[in-house]
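Please look at the sequence and the model before reading on.

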Amino acid sequence: MLNFNFYNPTEVVFGKGQMKQLDGLVPKNSRILITYGGGSVKKFGTLDKVIDELKKSNREIFEFGGIEPNPQFETLMKAVKLVRENKIDFILAVGGGSVMDGTKFIGIASCKDEYIGKEEKLLTQGMISVDKTIPFGTVVTLPATGSEMNNGGVISNGENKLAIFSKKSFPIFSILDPELTYTLPKTQVANGVVDTFIHTVEQYVTYPVDAKFQDRTAEGILQTLVEIGKETIENPTNYDARANLVWAATMGLNGLIGSGVPQDWSVHMIGHEVTAIFGIDHAKTLAAILPATWKIRKTEKFEKLLQYAERVWDIREGTNEEKVDLAILKTEEFFQSLGITTKLSDYGIKEDNINRIIDSLKSHGMVKLSERGDQTLEITREIIIKAL
Ligand code: NZQ
Ligand code: ZN
């Protein structure tokens, strides 16, 4: 096992009706900004429930809606202005990954006085050193990104999609009530299953370091998703199936399974470029790029792919090569069974578009990807061709 620091201060408040704890979780006498997306929280009543709770104590409440999927820098800067002008001291993100990620950026940018007027530069720093940020909590309406229990945010700036992190950007608390997610369109639930699956394998299908707990936990998350994926899409109000998705999504990217193991993230890095250029949903890009990556990188990942085949899919017969090939096929079939294609060409992406993706990766320094840093742009090109 590799050395690691594990730090995660987020309080998880999980289950039916847990919104009733909100008043106790948010500081009293605060000036609070509620951030949300394009309106689903208004339409389905979640915002009203949040406001009713917050009004139980003395608080001044402000709202900022309109954070789009793949949150845009320009939009978030409007919220930063609002935070500064109104001396906001707590933010409550109500929504999915985009709202939570956007809120992390708003919190950092509002406190970084030395960046006033050049906040765009914060987006190119990866890990940002911060003395303070605006503390925030979340009410999660879409299980997928794990943003509710991690310190990462993915922010779009035109055709750039960039990840930021800071040690202070963990939510103070996250309310995870599976019932708040019942109103999701089927395709967003499918995205959540696939995104969680791929977060898990990016931290698992690398090379073995005898990290038994991390491996068994990752396998547990993957098997949970296979077990409940289709059910929670087809029967959204099956509470237990949805509760298992919500918790799997959180545990898939909160640092636990990634501690002490090599991590890949190449599928995400390529996927982010595809989303930024072509506007395809995050998880949908991953569903095409992951199987292609495994086909091209089979030798490098062979030992973990075999473990994945045997333990996640229970493939016990055939040669090792056959087991791995069947596991890759089963993975593709699983994504397809959720209604997500595994071919980029189904979104109209053609061979002519590949240079543009490669150029973007190059401009973002994504030239040595994967767990060993040996995935060159030439190999990435092969992967994208395979994913078409
Ligand atoms: O904007 P509204 O109207 O709220 O509608 C949203 C949005 O259109 C809708 N939605 C959310 N909850 C709903 C609902 N509709 C009905 N009922 C509900 N309960 O769903 C749509 C998608 O929302 P979004 O937040 O964009 O989706 P997701 O949670 O998948 O987040 C995707 C973003 O997260 C980033 C992605 O890159 C992308 O920008 N990621 C963040 C990560 C992190 N912070 O660790 C890791 C991930 O790998 C990922 O990169
Ligand atoms: Zn993801």
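## Basis of the report

This is a predicted model, in which local features need pLDDT of at least 70 and side-chain atom pairs count only at pLDDT 80 or more, while totals for chains, interfaces and linings use all residues. Residues are numbered from 1 along each chain as its sequence is written, chains are lettered from A and ligands numbered from 1 in the order in which they are written, and side-chain values use heavy atoms, with hydrogens and water left out.

Strand β6 (residues 152-157) and strand β7 (residues 160-165) run antiparallel and are joined by six bridges. Strands, like helices, are DSSP runs numbered from the N terminus, with at least two residues (E) for a strand and at least four (H or I) for a helix; two strands pair if DSSP finds at least two bridges between them.

Six of the six residues of β6 are buried, a term for under 20% relative accessible area, whereas exposed means over 50% and partly exposed lies in between (1.4 Å probe, protein chains only). In a regular strand, side chains alternate between the two faces of the sheet. Gly-152, Val-154 and Ser-156 are on one side of β6, Gly-153, Ile-155 and Asn-157 are on the other, and both faces are covered.

## Salt bridges

Side chains of opposite charge can pair when their charged atoms come close. The whole structure contains 22 salt bridges, each defined by a side-chain nitrogen of Lys or Arg within 4 Å of a carboxyl oxygen of Asp or Glu. One of them joins Asp-23 to Arg-59, with the closest N and O atoms 2.9 Å apart. This pair links distant parts of the chain, 36 residues apart: Asp-23 belongs to helix α1 (residues 22-25), and Arg-59 to the loop between α3 (46-54) and β3 (60-64). Both Asp-23 and Arg-59 are buried. Together with Lys-28, these two residues are linked in a network of salt bridges.

Arg-31 and Glu-60 also meet in a salt bridge, at 3.2 Å from N to O. Here strand β2 (residues 31-36), which holds Arg-31, is linked to strand β3, which holds Glu-60, across 29 residues. Arg-31 counts as partly exposed because its relative accessibility is 28%, and Glu-60 is partly exposed at 41%. In another salt bridge, between Asp-215 and Lys-304, the closest N and O atoms are 3.2 Å apart. That pair connects helix α7 (residues 212-234) with helix α11 (residues 302-312), its members being 89 residues apart. Asp-215 and Lys-304 are both buried.

## Nonpolar cores

A nonpolar core is a set of buried Ala, Val, Leu, Ile, Met, Phe, Trp, Tyr and Cys residues joined through side-chain atoms within 4.5 Å. The largest has 64 residues, among which Phe-197 and Tyr-308 touch the most other members. Helix α10 (residues 282-296) gives the most to this core, with eight residues. A second, separate core has 34 residues, including Leu-33, Phe-64, Ala-79 and Met-100.

Phe-90 is found in strand β4 (residues 90-95). With 3% relative accessibility, Phe-90 counts as buried. Leaving aside neighbours within four places in sequence, the residues in contact with Phe-90 include Val-26, Leu-33, Phe-136 and Ile-172; contact means heavy atoms within 4.5 Å.

## Backbone angles in loops

Most residues other than glycine have a negative phi. Asn-29, although not a glycine, has a positive phi of about 55°. Asn-29 is placed in the loop between α1 and β2 and counts as exposed, at 56% relative accessibility. Asn-70 is likewise not a glycine and has a positive phi, of about 60°; this residue lies in the loop between β3 and α4 (73-86).
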